[in-house]
Amino acid sequence: GRGSRCPRRRRAGVSFADDRPPAGVSRREAIALLLLLLFAAWLRIGAVLGTEVIEPIRGDALDYYHYAHNLRESGAYSRTPATGVAGEVPPADAFRRPGYALFILPWIAHPPTVGMLLRIGLLQAALGVALVGLAWWLGRRLVGRGTGWAVGGLCAISPHLVNSAIWLLSEPLFALLVLLALVLAFDGRAAIAGGARLYAAALAFGAAMLTRPTLDYLPWLLVPLALLALPRPRAWRTVAVLALGIATVMGPWWARNLVQFGQLDDRSLAVNTLLHGMYPDFLWEDRPETLAMPYKFDPEAPAIGRSTATVLSALAERASADPARYLRWYLVGKPLSLVAWDEVRIGDAFILSVSATPYFSHPVFLATHLLARLLHWPLMVLALAGCVLAWRRRSPVVGAAQAAGLRVVSLLLLYILAVHVAGAPYPRYSVPFRPELYLMACYAAAEAWAWLRGRAARDKVAA
């Protein structure tokens, strides 16, 4: 009746007020977030200071080091080692994108020093702490408070994300830029942002593309999504702002490549990715010593890797000889490998070999490692379920605006899966997308909980 202090009855299984995105951050939440960020910082700084990497500058890291050093010393963007001869400039190339080389350029020392690696590691630890905060914000905004804390906490303790600060690799920068683009893309009501905020999201997205080419084809999928989800005039404005932001960042790189090489980009890295991923179980002729690097043992690899056409031709020839194995590798083995816990060659959460790490002995590191490992596969399964559930017409957990944001995240993850199923599914390639995977997993858990509550309420009414 009028004036009753009884709470308003909710429709079970349809809407839960506690799951709605909160309007603001309370003082208690702000203090709790600060404590979470301090814990994330403690883990990352501890990992940087307490880890000894065996030969830290090799492989991809060596390329980034030479790019940054040559840029600073001679202005040439080249991964060819400098000869040290006065006036001699290394030949320019476009094999890797310049985003990460530009990021580490101010701290590069020649020859490399422990202090240089320490400074870059601490800077990347700061990126990791910022990533935890952004993940908390995105989960809170798109699903609810509980999801925000769960996603932020999972990102804080993830050994893969903690250790990403250690390596001289682009993962921490790339992960932060992708997540920043998503955070900026959704305004206070979780609808697609407009104006300056959308342009800032497009700039962050372009910066992520400038760091790694993984996202190159994603904009072509975002265009039809925008046209379907938004009124037509606003959809075209959104597409135009997205294109302008990407062109602002990527334009100088494309122009430089056109002038120097006559093409927008060097596609040899993409060819290499296809080549590296064509070997079932990352083995050549099932020889254990070839694990993770089968292309280095295959005598035909140099000829196969000349172009996309030669890779596809060799793949078709080998797959026709053993179709069941290649079908299993591409449909089951590759997706599982991409989101696996263990890195292919080193194992566990380490890309390179280490002689010392807090994860070997420190109680807090061991406890968070055990918790993250126990949760890993359930979270990956839930993340896949969340990517599917995001496309439901109606949800008992989120509103229409939040559902639109979750669909963008779902599209991103499904795109990443498709790219690496076609190419090389090394587990390290999924690490930058762990915040988005955790978000979709927590969203699926929220959907399951809402369904269970709704069913229990219906059963009670029926009884």
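This is a predicted model: local features need pLDDT of at least 70, side-chain atom pairs count only at pLDDT 80 or more; totals for chains, interfaces and linings use all residues.
The lining of the second largest pocket divides by class into 30 nonpolar, three polar and four charged residues, where Ala, Val, Leu, Ile, Met, Phe, Trp, Tyr, Cys and Pro count as nonpolar, Asp, Glu, Lys and Arg as charged, and the others, Gly among them, as polar. Residues are numbered from 1 along each chain as its sequence is written, and side-chain values use heavy atoms, with hydrogens and water left out.

Back to the pocket. It is lined by 37 residues, and those that lie nearest its centre are Phe186, Ile192, Leu222, Leu225 and Val408. The elements that give two or more residues to this lining are α7 (171-185), α8, α9, α10 and α16 (400-422); helices here are DSSP runs of H or I with at least four residues, strands are runs of E with at least two, and both are numbered from the N terminus. The space in this second largest pocket comes to about 660 Å³, a volume being the space filled by probe spheres set on grid points that are joined across faces, edges and corners.

Rolling a probe the size of a water molecule over the atoms shows where empty space is left. On a 1 Å grid over the protein atoms alone, a pocket is an open set of points with protein on both sides within 12 Å along at least five of seven lines, a cavity is a set of points where a 1.4 Å probe fits but cannot get out, and lining residues have an atom within 4 Å of a point.

Now to the charged side chains. A search of the whole structure finds 22 salt bridges, each being a side-chain nitrogen of Lys or Arg within 4 Å of a carboxyl oxygen of Asp or Glu. In one of them, arginine 96 pairs with aspartate 60, with 2.7 Å between the closest N and O atoms. Arginine 96 lies in the loop between α2 (60-74) and α3 (99-104) and aspartate 60 in helix α2, so this pair ties together parts that are 36 residues apart in sequence. Arginine 96 is buried at a relative accessible area of 9%, whereas aspartate 60 is partly exposed at 22%; buried means under 20% relative accessible area, exposed over 50%, and partly exposed in between, with a 1.4 Å probe and protein chains only.

A second pair joins aspartate 216 and arginine 267, whose closest N and O atoms are 3.6 Å apart. This pair also links distant parts of the chain, 51 residues apart, with aspartate 216 in the loop between α8 (195-211) and α9 (218-229) and arginine 267 in the loop between α10 (232-261) and α11 (268-276). Aspartate 216 is buried, with a relative accessible area of 12%, and arginine 267 is partly exposed at 34%. Salt bridges that share partners also join Asp60, Asp63, Arg79, Arg96, Glu171, Arg212 and Arg428 into one network.

Arginine 58 is partly exposed at 28% relative accessible area, while glutamate 55 is exposed at 51%.

Glycine 99 is found in helix α3 and is buried, at 11% relative accessibility. Where does glycine 99 stand relative to alanine 207 in sequence and in space? The two are 108 residues apart in sequence, and their C-alpha atoms are 6.9 Å apart in space.
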